[in-house]
Amino acid sequence: DRVQQEPGPARDRLMTTEMSRKVMAAILAHREVAPLLSDDHFSVDGTLVKAWASMKSFQPKATDTPPDHDPGSSHGPEATTEDHPAPTEPETDPMPRDRRQNRNAEVDFRGEKRSNATHASTTDPDARLYKKSPGTGAMLCFIGHALMENRSGLIVQGDLTQADGHAERRAALDMIHRHSPGSTRQLTPGADKGFDAAEVVADLRQACVTPHVAQRSRYSAIDSRTTRHEGYALSIKHRKRIEEAFGWAKTVGGMAQPVYRGLERVRARFILTMAANNLARLPRLMAT
């Protein structure tokens with residue numbers, strides 16, 4: 001009865017990152033699910049999550065705010081009503097006027113330079129203007145991250161951050177440390193070429209992690225010490241399965257553009273969707 005009387009507060013208590021991670025952890029810790037998971041071999045990747053905000057809301061940031069009270073105005077807090085008698089109601093109703101305004105007016109952004117440094121969305125200030133690759137259009141979005149174990153393809157960690165060029169690298173390290181804190185096992189996370197950077201590879205190796213990262217054609221930080229092993233080729237092959245979870249989340253789970261605003265709420269929704277993807281795959285995995 002209490003939940004029915006207060007649906008808003010009850011939902012708000014559930015839509016938190018902490019609660020979403022508890023749900024995912026409870027699923028993975030189930031006695032029938034735990035044996036399906038790999039303890040050493042993982043894959044990591046990220047995907048853009050479109051914000052619930054339009055490009056028209058991306059406006060220049062306010063430099064200053066107007067004062068609450070204008071001393072020169074006659075409608076200030078000290079103004080009296082003696083000089084302004086209350087208007088009397090007209091004897092007849094006025095003729096109705098069409099006061100409708102076009103809420104979706106046309107806006108021409110051509111020639112206007114906009115960036116996250118000078119502009120922000122008035123609808124969702126946490127969203128950032130970002131594009132995944134050159135030649136694609138920029139949009140207001142977040143970046144969702146996932147850590148997948150390679151044995152059964154289940155998501156073991158999820159996260160969502162503001163969009164920038166280094167968000168995936170930072171999130172990968174955070175998810176690995178969160179999943180295996182203080183681990184001394186030689187974990188092997190597979191990743192795409194975006195992780196092939198000297199500082200990222202060094203951070204992973206310092207954390208007792210062997211980076212199975214796809215090599216760039218030039219100036220790769222991955223050498224033959226890693227690529228000569230058979231496990232490297234397997235990691236590169238299996239890492240693409242993480243795209244299946246992202247595809248399910250966007251087509252079935254509603255994460256292509258979730259109807260939530262704010263980093264915390266969108267993150268909680270993303271992690272819950274990753275947990276739901278695991279539940280959708282478990283019946284077939286257990287049957288085999």
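Helix H5 (residues 198-206) has Val-200, Val-201 and Leu-204 as its buried residues. Seen down the helix axis, these buried residues fall within an arc of 95°, so they line one face of H5; the arc is that of the directions from the helix axis to the C-beta atoms. Buried here means under 20% relative accessible area, exposed means over 50%, and partly exposed lies in between, with a 1.4 Å probe and protein chains only. Helices (H or I, at least four residues) and strands (E, at least two) are DSSP runs, numbered from the N terminus.

The model is predicted: local features need pLDDT of at least 70, side-chain atom pairs count only at pLDDT 80 or more, and totals for chains, interfaces and linings use all residues. Residues are numbered from 1 along each chain as its sequence is written, and side-chain values use heavy atoms, with hydrogens and water left out.

The buried residues of H5 pack against helix H4 (167-179). On the face of H5 turned away from its buried side are the exposed residues Ala-198 and Gln-206. After H5 comes Cys-208, which has a positive phi, near 60°.

H5 also belongs to a right-handed β-α-β unit, together with strands E7 and E8. Right-handed means that, with the strands pointing away from the viewer, the path from the first strand over the helix to the second runs clockwise. E7 (residues 188-191) is covered on both faces, with Thr-188 and Gly-190 buried on one side and Pro-189 and Ala-191 buried on the other. E7 and E8 (residues 212-213) run parallel and are joined by two bridges; two strands count as paired if DSSP finds at least two bridges between them. Ala-191 has Val-213 in E8 as its bridge partner. E7 also pairs with strand E1 (residues 41-50), in the parallel sense and over three bridges. There, Phe-42 stands opposite Pro-189 of E7.

Another pairing involves strands E5 (residues 139-149) and E6, which are antiparallel and share seven bridges. Gly-144 has Leu-160 in E6 as its bridge partner. Strand E6 (residues 155-162) is largely enclosed by the rest of the structure, because seven of its eight residues are buried. E5 and E6 form a hairpin with five residues between them, and Gly-153 in the turn has a positive phi of about 75°.

Gly-153 is also one of the residues touched by Arg-241. Arg-241 is found in the loop between helix H7 (230-238) and helix H8 (242-251). Its relative accessibility is 25%, so Arg-241 counts as partly exposed. Not counting residues up to four places away in sequence, Arg-241 touches Met-148, Asn-150, Arg-151, Ser-152, Gly-153 and Arg-281, where contact means heavy atoms within 4.5 Å. The side chain of Arg-241 reaches the backbone oxygen of Asn-150 at 3.2 Å. A polar atom of that side chain also lies 3.3 Å from the backbone oxygen of Ser-152. Arg-241 and Ser-152 are 89 residues apart along the chain, and their C-alpha atoms are separated by 9.8 Å.

For the protein as a whole, there are nine helices and eight strands. Of its 288 residues, 37% count as buried. Among contacts between residues at least 6 apart in sequence, 67% join residues at least 24 apart. The accessible surface comes to about 18,400 Å², and 51% of it belongs to carbon and sulfur atoms; areas come from the Shrake-Rupley method with a 1.4 Å probe, and for residues only the protein chains shown count as cover.

Conventions:
Polar contact = N/O pair within 3.5 Å; in protein donor to acceptor, adjacent residues only side chain to side chain.
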